[in-house]
Amino acid sequence: MSSRGVIIIGGGIGGLCAAIALRQAGLEVAVYERAEVYRPLGAGLSLWSNAMRAFEALGLAQKVAGAGASWRETVMHRWDGKVLSRLSVETLCREVGQPTVGLLRAELQQVLLRELGPGVVHLGAACTGFHVEGDGVRVTFADGQEVRGDCLVGADGLRSVVRQQLFPEVRPRYGGRTSWRGVVNVASEVIPEGSQFELYGPGARFGICHLGRNPEGTWRMYWFLLAPAPEGGQDAEGGHQEAVLSHVRGWMEPVESLVSATPESNILRTDIHYLEPLPRWGEGPVTLLGDSAHAMVTDMAQGACQAIEDALVLAKLLREDSDRVRALRAYEARRRPRTAHVSELSLRAGSIRYLRNPVALWGRDLLMQALPPSVALNQLRRVVGYDFLGV
């Protein structure tokens, strides 16, 4: 049985960032990912300035920003094109000292994998459980492999095997809506470069942002639709595009044209789930990170950002304290209030975005037009400008 320092279960964004941060902190680390290969699939990802600040600390901010496109303004519209509000995120970017970047999740993974180099990430390794033994932990896998380490980090997502063993009573909750996400190459920029568009209609929210230019000069665009739907619902085979169009027909351009131009294979459908804040994240030499600890609804676009923050704080505290168990508890004490707060803000933001009642919609739109942008900016500042390493 091989022995490792820090064992990370899950090779997603949070797990890979944790591996990089831990190695930079001087710790031995190994990542075990159940997937056989990293596939060049997946949706776009929003990295707010707090996540980019973490990448700056890792020395990766330029590489990450170069893999996508930054935006300076979010423009919110009614479904028919009427502008409800404009939010200048450039102000926050200047304050934090980092841009807000949109990029493909798969391309971010490649940046992180190149930084780690070979031999750190082990694919096709499906964790089945762990056993605390003495001052360490033994991890078992579906193929019979066993690995021992000083501590274990469960970064294995919403359906975490590590969390399930720690807290078998915990179940993800359905957020009440489904997301459809697509990536498409277009000849023109469609929306102004540096802008992100959001559109609000009865019971639905649609977003559009740039992911940068392709080598041949076309624009890569990411769009998403969020709408209430029964949990576990499925589109007909080959019917993702038609399902999206059924929600957005008649909406302002370029909504329909973007969806119609997106190949069916480039559209993903995923139910939105979240976790109620956990009373604790671990015990002994075991802890959680990212969605396995605090999966949240997508309405603040902070899920990946919070996982990246987790990674930096975990590495910092493990570097500063040779008592691994004490360092893990300190990490959890630092991160649990922060992630619970962001998760609650995300739920609140979603509570007014999917209204159907015409009177409620009218009131919501009126409020968005009347509310000074500074109010939304101040709320966002408390999330994006938070000094997660210095507190």
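A disulfide is a pair of cysteine sulfur atoms within 2.5 Å. That cut-off is needed for the first view. The model shown in every view is predicted.

**View 1. Cysteines without a disulfide.**
The whole structure holds zero disulfides.

**View 2. Helix 1 beside helix 10.**
Helix 1 covers residues 13-24, and helix 10 covers residues 303-320. Their axes come within 8 Å and cross at roughly 30°. Angles under 35 degrees count as roughly parallel, so helix 1 and helix 10 are roughly parallel to each other. The crossing of helix 1 with helix 10 is right-handed. Which residues meet here? From helix 1 come Ile13, Gly14, Cys17, Ala18, Ala21 and Leu22. From helix 10 come Ala307, Ile308, Ala311, Ala315 and Leu318. By class, this contact has 10 nonpolar residues, one polar and no charged.

**View 3. Helix 11 beside helix 13.**
Helix 11 runs over residues 324-351. Helix 13 spans residues 373-384. The two axes come within 11 Å and cross at roughly 150°. Angles over 145 degrees count as roughly antiparallel, so helix 11 and helix 13 are roughly antiparallel. Their crossing is left-handed. Arg338, Val342 and Leu345 of helix 11 meet Gln379, Arg382 and Val383 of helix 13. The residues of this contact divide into three nonpolar, one polar and two charged.

**View 4. Val375 in helix 13.**
Stay with helix 13, where Val375 has its place. Val375 is partly exposed. Its relative accessible area is 41%. How far is Val375 from Phe224? Along the chain, the two are 151 residues apart.

**View 5. The buried residues of helix 7.**
Helix 7 takes in residues 240-248. Which of its residues are buried? Ala243, Val244, Leu245 and Val248 are. What do the buried residues of helix 7 pack against? They pack against three strands: strand 12 (173-186), strand 14 (204-213) and strand 15 (219-228). They also pack against helix 8 (255-261). Gly250 follows helix 7. The phi of Gly250 is positive, near 90°.

**View 6. Val120 in its loop.**
Val120 sits in the loop between helix 5 (105-116) and strand 8 (121-122). Is Val120 buried or exposed? Its relative accessibility is 4%, so Val120 counts as buried. Which residues does Val120 touch, leaving aside neighbours within four places in sequence? Its contacts are Arg23, Val29, Ala30 and Val31. Asn266 is 146 residues from Val120 in sequence. From C-alpha to C-alpha, Val120 and Asn266 are 30 Å apart.

Conventions. Residues are numbered from 1 along each chain as its sequence is written. This is a predicted model: local features need pLDDT of at least 70, side-chain atom pairs count only at pLDDT 80 or more; totals for chains, interfaces and linings use all residues. Side-chain values use heavy atoms; hydrogens and water are left out. Axes are lines fitted to C-alpha atoms, for helices over the stretch in contact, and angles run from 0 to 180 degrees between N-to-C directions. Helices (H or I, at least four residues) and strands (E, at least two) are DSSP runs, numbered from the N terminus. Angles under 35 degrees count as roughly parallel, over 145 as roughly antiparallel, 65 to 115 as roughly perpendicular and the rest as oblique. A crossing is left-handed if the near helix is turned anticlockwise from the far one by less than a right angle, and right-handed if clockwise. Contact means heavy atoms within 4.5 Å. Ala, Val, Leu, Ile, Met, Phe, Trp, Tyr, Cys and Pro count as nonpolar, Asp, Glu, Lys and Arg as charged, and the others, Gly among them, as polar. Buried means under 20% relative accessible area, exposed over 50%, partly exposed in between (1.4 Å probe, protein chains only).
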